[in-house]
Amino acid sequence: MTEAEKVHGADSPPQYPYGTDETGIEYDDDLGAVCPPHTTERRLVNKIDWHVLPFLCIMYLLAFLDRVNISNANVFGLSEDLGIVEDNKYNNALVIFFVPYILFEIPSNMLLKKLKPHIWLSACMFLFGLTTVCQGLVQNYSGLLATRFFLGLFETGMFPGCFYLIGMWYRRHEAQRRYSFFFSSTTLAGAFGGLLASAIGKMDGMRGYGGWRWIFILEGTLTCVVSLSFFFLIPSFPEEAKWLQSSEREYIAARLRLDQGRSAVERKITFQDVKNVFKDPKIVVGGFMYLGLIVPAYGYAYFSPAIINSYGYSPIQTQLHSVPPWAAAFAFAMIIAYASDKSRHRFLFAIFPICVCIAGFAILLAVHDNTHVQYAALFLVAMGAYAAMPVIVCFFNMNLGGHHRRAVGTAWQVGFGNIGGIIAVYAFLKKDAPKYIPGYSISIAFVCLSMLATTLYFLMCLRQNRNRDKAGRDLSLSESEKTEMGDMSPDYRYML
């Protein structure tokens, strides 16, 4: 079986003429995709890894850390100091973050393409770091609400922008490990945040500030400092990368065209493009795939410190006990990603961790008198949710062909999915502690929703692949028309 058959299906024609030379180096007769003689494809992919992934991972680690460190701060007395213990005011402060975060996902990706990634992403990074510092200086509930709103506004471009950018560098069968490694920045942020909070919390009373204020001030300052250097370090699109030779840029662009079709990077995204993307029902299904997992993921990120604290640990011990589940989630996500890329399959590697997550919540619903078992169940929840999410996003995102469909589709999936953050915030209320029966019940229901949506998406892609195999190649369409169609082109085959 040739490489093209592996990507597009053994019974279907490749999207473009394909072959290998006598040394096994890939080329494309139509596009002239010959690997430059001074390197190999593997070395070139490794070069991309070192120039793209580290900076995006660090950036999103800091973004997620600044987003959820409020849960660590709350353990050190934020609610008590600001007088927001009653009437779910703490939950309201969490939820206001998601209002701008959801509304501005698609506009953010459009600006990313127009302003260039290193400008847009580094600017957003500096601003949400500055907002985090201000969060540590607030004196009342109104100030907390204002800073949480602007934090959501400035973070809106981080996740979909990074996923979109990564998707424009790698072929589909290469992407899952990279997506999972990037997404696992969230698990590293959770582990790192717990350790950091346990250390910073000891600064309580220094210069008259409580320990929770120092968590925001120091972590926000770190983000601002790093953002200044990232203006020069965040990668651009392959067609514009200055750290690649011209022959390397041409080869990378050609190998991506071979796998995903032409990207139309030179064309601006219009409002009509956005409307056309939503004519595809798979786009809507992709939003529900992600929505179902966001509820347990944010429920865990925001409330696991409170849940662990209810097991009888001190504030410092609570922070330290929050680290191991995050570390286990990182390891499990990378194992799933490696197996998924090796097998060139996504669906089953999304369903299996979802089942692990369901098992964790089932234990938490059934067991209330054994803290060791309950703590072990938190491992299953974190491992399942945070391993399944990058597979689902990669499954959907890398099946979108072309810049315009991928930019809009990725932003939609992440934006719509983050409505689940609002649900998660009100699923875990203080009055339900320590059993949190409503929260666990809502979470398990949404995980099941994600499983159903993922199965539906898989069946829709499978059906379209089979229909296109039966129809054969459409010779009446020009290459420019196929470029506009993206993954809706009759030559395109979805990865399953």
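Colleague: Helices are DSSP runs of H or I with at least four residues, strands are runs of E with at least two, and both are numbered from the N terminus. Which helix is Leu320 in?

Modeller: Leu320 is in helix 16, residues 315–321. Residues are numbered from 1 along each chain as its sequence is written. This is a predicted model, where local features need pLDDT of at least 70, side-chain atom pairs count only at pLDDT 80 or more, and totals for chains, interfaces and linings use all residues; side-chain values use heavy atoms, with hydrogens and water left out.

Colleague: Is Leu320 buried, partly exposed or exposed?

Modeller: Leu320 counts as partly exposed, because its relative accessibility is 34%. Buried means under 20% relative accessible area, exposed means over 50%, and partly exposed is in between, with a 1.4 Å probe and protein chains only.

Colleague: What does Leu320 touch, other than its neighbours within four places in sequence?

Modeller: Leu320 is in contact with Leu195 and Ser198 when those neighbours are left aside. Contact means heavy atoms within 4.5 Å.

Colleague: And how far is Leu320 from Cys461?

Modeller: The C-alpha atoms of Leu320 and Cys461 are 43 Å apart in space, and the two residues are 141 apart in sequence.

Colleague: Let's switch to helix 8. Why does its span agree with what it should be?

Modeller: Helix 8, residues 141–155, has 15 residues, which at 1.5 Å a residue should span 21 Å, and its end C-alpha atoms are 21 Å apart. The expected span is 1.5 Å times one less than the number of residues.

Colleague: Which residues of helix 8 are buried?

Modeller: Tyr141, Leu144, Thr147, Arg148, Leu151, Gly152, Phe154 and Glu155 are buried in helix 8. Seen down the axis, these buried residues fall within an arc of 170°, so they line one face of helix 8. The arc is that of the directions from the helix axis to the C-beta atoms.

Colleague: Why would residues a few places apart point the same way?

Modeller: An α-helix has 3.6 residues a turn, so residues three or four places apart point the same way.

Colleague: What caps the N-terminal end of helix 8?

Modeller: Asn140 does, with a side-chain oxygen 3.3 Å from the backbone nitrogen of Ser142.

Colleague: Glu105 is in helix 6, then. Which residues are buried there?

Modeller: In helix 6, residues 105–115, Glu105, Ile106, Ser108, Asn109, Leu112 and Lys113 are buried. They cover an arc of only 160° around the axis, which puts them on the same side of helix 6. The buried residues of helix 6 pack against helix 5 (98–103), helix 7 (117–135), helix 9 and helix 20 (403–417).

Colleague: What follows helix 6?

Modeller: Lys116 does, and its phi is positive, near 85°.

Colleague: Now the whole protein. What domains is it divided into?

Modeller: The protein is divided into domain 1 (28–259) and domain 2 (269–469 + 485–495). Domain bounds come from an automatic or database domain assignment. The centres of the two domains, taken over C-alpha atoms, are 18 Å apart. In domain 1, 56 residues are in contact with 56 residues of domain 2.

Colleague: How many residues are in the largest nonpolar core?

Modeller: The largest nonpolar core has 155 residues, and those with the most contacts inside it are Leu56, Tyr302 and Tyr386. Helix 2, residues 41–75, gives the most to this core, with 18 residues. Domain 1 and domain 2 both give residues to this core, so it lies between them. A nonpolar core is a set of buried Ala, Val, Leu, Ile, Met, Phe, Trp, Tyr and Cys residues joined through side-chain atoms within 4.5 Å.

Colleague: Last topic: where is the cis peptide bond?

Modeller: The bond from Ala433 to Pro434 is cis, with omega near 0°. Pro434 lies in the loop between helix 21 (419–427) and helix 22 (437–471).

Terms used
A polar contact is a pair of N or O atoms within 3.5 Å; within protein, one must be able to donate a hydrogen and the other to accept it, and residues adjacent in sequence count only if both atoms are side-chain atoms.
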